[in-house]
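Here is a short tour of a structure for anyone just starting out. Take a look at the picture, then read on.

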Amino acid sequence: MQHSAFVQKQQHDREDAELLKRVQRADQRALSSLYDRYAPVLYPFSLRMTGSPEAAENLVQDVFGQVWEKAASYTSHHGSVYAWMVALCRVKAMEKIRPTTQKRKGQEDEGTSPRGSSEIEQKTAVAETIVTLKGYTEEVRNSLRSLSKLELRLLELSYYEGQSQSDLARMLRIPLGTIKAKMRRGIQKLRQVSAQEAK
Amino acid sequence: MTVKTEERHAQLELCIPYVFGRLNPGNRKQFEAHLTTGCEQCSGELSGLYGAIALMPLLLRQEAPPSGVRQRLLSRISSKKPDQPRNERPTPQREKIAPPAAQPGHSWYLYATIVLGILLNIALAIWVNQLVGTTASRSVQIADLTSELHKKQEVLDFLKAQRIEILPLAGVDVGSGAYGKLLLDPDKRSALLQTASLPAQSEGKQYQLWALKEKKYFSIGVFDVTSEKVNIVRVMALPAGEKQDIEGFAVTLEPKGGSVQPTGPVQLRSATR
């Protein structure tokens with residue numbers, strides 16, 4: 001049975017797609033509506049990634065600026081507008097916070113090269129995800145309680161700070177195999193929650 | 001390009017490192033080339049992964065950015081038009097209507113009308129240009145005032161908190177007379193900083209507030225000191241984790257935009273817990 005918040009979220013996705021079409025037609029009010037919905041999620045996300053309110057503000061501006069300019073590059077096969085914007089935000093944040101590390105570690109097979117300019121990443125940033133719906137956010141949080149502290153920590157370090165698995169193994173003094181297994185399990189649990197909303 | 005089934009399965013293993021940005025440039029290029037072949041397995045896998053990791057930001061406490069951000073965004077996009085879809089046929093442009101060429105036999109008032117039309121267009125363009133300039137300047141003023149108002153509102157909202165802890169910050173250079181206070185809201189995990197008599201930062205510099213936790217410094221945010229004697233800095237978020245874990249706070253002078261770790265001299269410091 002679908003939770004009402006997930007149903008509401010699907011309604012949001014449809015509205016977002018409509019808003020994005022209006023953005024393509026240079027409708028500033030549509031962009032403002034998307035901003036109202038998602039800036040409260042993307043701002044703390046940017047803050048977490050950059051660690052500075054000023055940089056986070058600039059990042060949020062950049063993301064919505066990109067949404068304005070590149071709305072046409074989004075099509076329905078990209079997934080939800082929210083997931084697309086989160087992907088844009090992360091790519092831009094990694095560009096800002098990791099330029100030197102990227103060059104230094106870029107040659108590692110599992111290196112830290114963010115795919116900043118990767119169009120495909122943006123195009124495949126599918127997913128029915130969430131947003132400012134409080135009920136939905138709560139449901140997601142409850143669902144994610146199944147993640148162990150270590151699984152969540154590993155995902156956070158990798159997702160927000162771009163740490164490689166071998167870096168994590170060194171830093172946390174945990175065997176690389178365990179790191180890989182824990183991360184896979186964490187991702188699997190996230191996918192189960194994500195799949196629940198897509199049903 | 002045809003891709004063998006076995007190859008698709010091998011590429012499937014690259015999806016997670018790809019999503020986390022952990023493939024080296026060569027493998028990434030190869031993987032993206034593979035994706036352009038339309039591999040449904042990999043596309044499906046990536047879609048699921050992106051959907052999954054997009055849940056991560058929802059674990060953070062939602063917080064709207066300062067209102068100035070919206071104003072700056074709107075003012076930034078006002079001069080730009082969104083790109084149009086590449087595959088969309090270009091809208092047929094109206095053919096420019098050229099003024100009728102002078103034909104032998106046309107009367108003088110035809111030329112007069114054209115000249116008058118041109119003059120009117122020029123006058124209109126100048127007027128519109130001035131109007132746009134004024135409007136843009138007013139928009140910037142409004143954005144600044146709104147931002148200032150928002151900051152003040154933020155401070156007032158902060159002070160409404162049920163519990164506020166006050167932590168004094170002492171100037172390291174005793175002779176400077178600089179001091180500060182850090183107001184901490186343990187429930188919302190936010191802080192409001194007030195400084196006094198800190199020298200205004202030089203060009204290319206900014207002050208940065210740090211939290212000391214497990215003997216490591218964590219940036220809380222950068223701020224500017226104006227020429228005012230007392231400076232109230234905006235509300236800033238404390239680093240994740242238990243507040244009790246924070247051993248102390250410090251303010252340093254850093255290059256504009258802040259540093260990853262303190263590099264400049266410590267200006268203010270709290271007592272270490």
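**What you're looking at**

Keep in mind that this is a predicted model. Let's begin with chain A, which has 10 helices and zero strands. Read from the N terminus on, its elements go α-α-α-α-α-α-α-α-α-α.

Chain A has 199 residues, and buried ones make up 52% of them. Now take the contacts in chain A with a separation of 6 or more: 69% of these come from residues 24 or more positions apart.

Zoom in on α2 (residues 28-50) and α3 (residues 53-70) of chain A, whose axes come within 8 Å and cross at roughly 140°. That angle makes α2(A) oblique to α3(A), since only angles over 145 degrees would count as roughly antiparallel. The crossing of α2(A) past α3(A) is right-handed.

So who meets whom? On the α2(A) side you'll find, among others, Leu31(A), Leu34(A), Tyr35(A) and Ala39(A), while α3(A) brings residues including Pro53(A), Leu59(A), Phe64(A) and Trp68(A). Sorted by class, this contact has 16 nonpolar residues, two polar ones and no charged ones.

**Where the chains touch**

Next up is the contact between the two chains, which takes 68 residues from chain A and 53 from chain B. On the chain B side, the elements giving two or more residues are α2 (15-19), α3 (25-36), α4 (40-53), α5 (67-77), β5 (216-223) and β6 (230-237). The most come from α4(B), with nine residues.

What about the classes of residue on the side of chain B that touches chain A? There are 30 nonpolar, 12 polar and 11 charged residues there.

Which way does Ser197(B) go, positive or negative? Its phi is positive, near 60°, and this residue is not a glycine. You can find Ser197(B) in the loop between β3 (190-196) and β4 (205-213) of chain B. Ser197(B) counts as partly exposed because it has 14 C-beta neighbours inside 10 Å.

Lys215(B) also isn't a glycine, and has a positive phi of about 65°. This residue lies in the loop between β4 and β5 of chain B. Is Lys215(B) buried or exposed? It counts as exposed, because it has 6 C-beta neighbours inside 10 Å, and the cut-off for exposed is 12 or fewer.

Terms used:
Residues are numbered from 1 along each chain as its sequence is written. Chains are lettered from A and ligands numbered from 1 in the order in which they are written. This is a predicted model: local features need pLDDT of at least 70, side-chain atom pairs count only at pLDDT 80 or more; totals for chains, interfaces and linings use all residues. Two residues are in contact if their C-beta atoms, placed from the backbone, lie within 7 Å. Helices (H or I, at least four residues) and strands (E, at least two) are DSSP runs, numbered from the N terminus. Ala, Val, Leu, Ile, Met, Phe, Trp, Tyr, Cys and Pro count as nonpolar, Asp, Glu, Lys and Arg as charged, and the others, Gly among them, as polar. A residue is buried if 20 or more other C-beta atoms lie within 10 Å of its own, exposed if 12 or fewer, and partly exposed in between; C-beta atoms are placed from the backbone. Axes are lines fitted to C-alpha atoms, for helices over the stretch in contact, and angles run from 0 to 180 degrees between N-to-C directions. Angles under 35 degrees count as roughly parallel, over 145 as roughly antiparallel, 65 to 115 as roughly perpendicular and the rest as oblique. A crossing is left-handed if the near helix is turned anticlockwise from the far one by less than a right angle, and right-handed if clockwise.
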